[in-house]
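User: I'm new to this one and would like a quick tour. Could you walk me through it with a few questions and answers?

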Amino acid sequence: TDVTDWVGTGSTLLDLAVSNKPHGGLAAGRITEINGLEGSGKSLIGAHALASTQKKGGLAVYIDTESAVSSEFLQAIGIDTENMLYVHLETVEEIFDTIETIVTKIRESDKDKLVTILVDSLAAASTKVEMDADFDKDGWATSKAIVLSKAMRKITQMIARQKVCLIFTNQLRQKMGVMFGDPWTTSGGKALPFHASTRIRLKNMGQIKDTKKNTIGIKIRAQVIKNRLGPPLRSADFQLYFDKGIDDFGSWLTIMKDHNLVKQAGAWYTLVDQDGKEHKFQSKDFESLMADEDTQKYVYDMICKKVVLKYDSGKLGI
């Protein structure tokens, strides 16, 4: 069950939080769930994963149940929409039939091609029973949970043997009457939370405004609430700009400040590079500094040393 390939999320810190290894991300051959409230960036993280797949020469598949995808935004974050497979579906049954068909067809021509399938979103998908019924309340709405439970048992085994990264976005629902603990749950029963190797919860932490007080982005916190690839309950903070997607290097600078990897004096920062040379810069100049590949690799390695958790087998009593 070793993972042989990884798909980036657009955020280096989230990739490290999930995989706990350099150049990681979401695992191919596993199921990932991304959940959160409305407007927290679920579809964006999934779209960044599709862009990362295409950069690796893989196939990006977008299964849309919300009829709310924007081709301009997908292109802005680096997706080649001409070579992306887009499928619009309505029911859970159709989603899993389509996933099975896509994987089978691709494997007939290429056994090692990386495939990322984004289902956006599971909560918006109906079932055949629900589609045939009218709008009245028809008893307990358990048909979706039953279908998902069966589908997950089948699909988990199928993609585990393939190089397929399966990502579901899901909406949060509030538990009624919860005074203590986590007040949020996801729709569709417990099958997806059990079968997903990684569950990421996104939270909107506030707005980013320009000098004219116009909102140009949001701050996002991603917490890995379940993880079978690395340590769970780790989090990553990053900024999302509406015109370009995730500001990855901005989160690098924040984590470097937290771990004293740069010296700060007012608005100026000082970084000592791999050759012992000092670079003085402001936050707006950090991205241009990272344009140098050697410096970028040096900084990335420093961040990995601070963030990646090393397992101490000597204390396990084995």
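User: Thanks! Which residue is the bridge partner of A222 in β11?

Analyst: Keep in mind that this is a predicted model. β10 covers residues 215-227, and β11 covers residues 235-241. These two strands pair in the antiparallel sense over seven bridges. Within that pairing, the β11 residue bridged to A222 is A236.

User: And β9, how many bridges join it to β10?

Analyst: β9 takes in residues 198-209, and it runs antiparallel to β10. One spot to look at is K203, which stands opposite R221 in β10. The number of bridges joining β9 to β10 is eleven.

User: Which residue in the hairpin of β9 and β10 takes a positive phi?

Analyst: Five residues lie between the two strands of this hairpin.

User: Over to helix α1: is it mostly covered or mostly open, and how many of its residues are buried?

Analyst: α1 spans residues 12-19 and is mostly covered. Buried here means under 20% relative accessible area, and the residues that qualify include T12, D15 and S19. Just after the helix, N20 takes a positive phi of about 55°. As for α1 itself, the buried count is eight of eight.

User: What's the size of the largest nonpolar core, and which residues have the most contacts inside it?

Analyst: This core has 58 residues. M256, for instance, touches L261, V262, L271, F286, V299 and I303, leaving aside residues up to four places away in sequence. A second, separate core has 30 residues, including I117 and F168. Back in the largest core, those with the most contacts are L14, M256, F286 and I303.

Note on methods:
Residues numbered from 1 in each chain as written. Predicted model: local features only at pLDDT ≥ 70, side-chain atom pairs only at ≥ 80, totals over all residues. Heavy atoms only, no water. Core = buried A, V, L, I, M, F, W, Y, C linked by side-chain atoms within 4.5 Å. Buried < 20%, exposed > 50% of the residue type's maximum accessible area, 1.4 Å probe, protein only. Contact = heavy atoms within 4.5 Å. Helix = DSSP H or I, 4+ residues; strand = E, 2+ residues; numbered from the N terminus. Pairing = 2+ DSSP bridges.
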